[in-house]
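Please keep the sequence and the picture in view while going through the points.

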Amino acid sequence: MKVLVLFVATVLVACHASDYQMYPLRLKTGHVGQYSTAVLCASWRLGVEANNLIKWKTVPEACQEFVADYVLGNQYRSDSKTVCREAYFYAKTLNITDKDVFVFDVDETLLCNLQYYSKHGFGVERFNATAFANWVAEGEAYALPETLVLYDKLMSLGIKVVFLTERLVSQRAITVANLKDVGFDKWEKLILKDPAAYTGKSTLTYKATERRKLEESGYRIIGNVGDQWTDLMGSYRGLRTFKLPNPMYYIG
């Protein structure tokens with residue numbers, strides 16, 4: 001009995017020691033200004049990754065340092081590893097056929113363009129298509145390490161991969177060279193965008209249309225990996241989708 005009384009007393013003391021500790025999500029009075037920039041920017045990033053914040057053009061200027069710390073630090077790689085590991089665990093459960101494919105986006109999915117974005121405010125500067133095309137032409141993008149691990153594991157399972165990118169058909173040669181240089185040296189198809197065929201069409205329409213063509217030609221999309229929701233939404237998106245983190249830009 002004494003032991004029980006002591007236990008109950010201890011719990012009561014602990015529970016009443018701080019209402020905030022008991023209910024950390026309890027609404028508090030006051031203005032948003034009471035929260036630190038880091039907290040607000042973490043909330044902004046959550047909204048971005050969950051696709052609750054849409055059609056944004058740039059990273060908020062106040063969040064530049066936060067985004068830089070994230071993409072250059074351990075959290076970005078750890079988040080990517082979690083996604084890629086789950087994709088591999090899923091792939092291992094499947095009975096693979098010769099027509100099964102995983103679809104991957106390219107930029108910020110296979111290839112990392114941090115060298116470019118570090119010189120352009122980590123997304124604070126408005127995207128400049130000409131400047132980015134010049135960067136692509138250098139062919140110096142790195143592999144995203146966790147995606148490369150996933151790619152190698154899918155290859156070992158005998159799963160074919162298709163790369164579906166918004167890069168233009170005119171950028172095929174440098175894209176092929178860059179992919180092979182960093183370890184993505186085998187694929188079933190590399191699909192690049194023909195601007196003549198998709199003038200005035202959204203990224204969502206382009207990617208859904210190309211996935212439809214894949215399935216109509218006999219392939220079955222068993223997995224779909226990308227850093228943008230437009231990689232993963234729309235029709236023919238595959239049996240499962242896997243969203244990689246990217247707080248630097250939004251493609252609608």
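This is a predicted model: local features need pLDDT of at least 70, side-chain atom pairs count only at pLDDT 80 or more; totals for chains, interfaces and linings use all residues.

1. Residues are numbered from 1 along each chain as its sequence is written, and side-chain values use heavy atoms, with hydrogens and water left out.

2. Of its 252 residues, 41% count as buried; buried means under 20% relative accessible area, exposed means over 50%, and partly exposed lies in between, with a 1.4 Å probe and protein chains only. Among contacts (heavy atoms within 4.5 Å) between residues at least 6 apart in sequence, 70% join residues at least 24 apart.

3. The axes of α5 (residues 74-92) and α8 (residues 145-156) come within 8 Å and cross at roughly 10°, which makes α5 roughly parallel to α8. Axes here are lines fitted to C-alpha atoms, for helices over the stretch in contact, and angles run from 0 to 180 degrees between N-to-C directions; those under 35 degrees count as roughly parallel, over 145 as roughly antiparallel, 65 to 115 as roughly perpendicular and the rest as oblique.

4. On the residues between α5 and α8: Arg77, Ser80, Lys81, Cys84, Ala87, Tyr88 and Ala91 of α5 meet Pro145, Glu146, Thr147, Leu150, Lys153 and Leu154 of α8. The residues of this contact divide into seven nonpolar, two polar and four charged, where Ala, Val, Leu, Ile, Met, Phe, Trp, Tyr, Cys and Pro count as nonpolar, Asp, Glu, Lys and Arg as charged, and the others, Gly among them, as polar.

5. On helices α3 and α4: α3 (residues 37-49) and α4 (residues 64-72) pack at an angle of about 65°, with their axes 9 Å apart, and their crossing is right-handed. Ala38, Cys41, Ala42, Trp44 and Arg45 of α3 make the contact with Phe66, Val67 and Tyr70 of α4, and these residues divide into seven nonpolar, no polar and one charged.

6. On Phe66: this residue of helix α4 is partly exposed, with a relative accessible area of 22%. Not counting residues up to four places away in sequence, Phe66 touches Ala38, Cys41, Ala42 and Arg45.

7. On Thr203: is this residue buried or exposed? Thr203, which lies in helix α10 (residues 203-216), counts as buried because its relative accessibility is 7%. A polar contact of 2.8 Å joins the side chains of Thr203 and Glu166; such a contact is a pair of N or O atoms within 3.5 Å, and within protein one must be able to donate a hydrogen and the other to accept it, while residues adjacent in sequence count only if both atoms are side-chain atoms.

Conventions: Helices (H or I, at least four residues) and strands (E, at least two) are DSSP runs, numbered from the N terminus. A crossing is left-handed if the near helix is turned anticlockwise from the far one by less than a right angle, and right-handed if clockwise.
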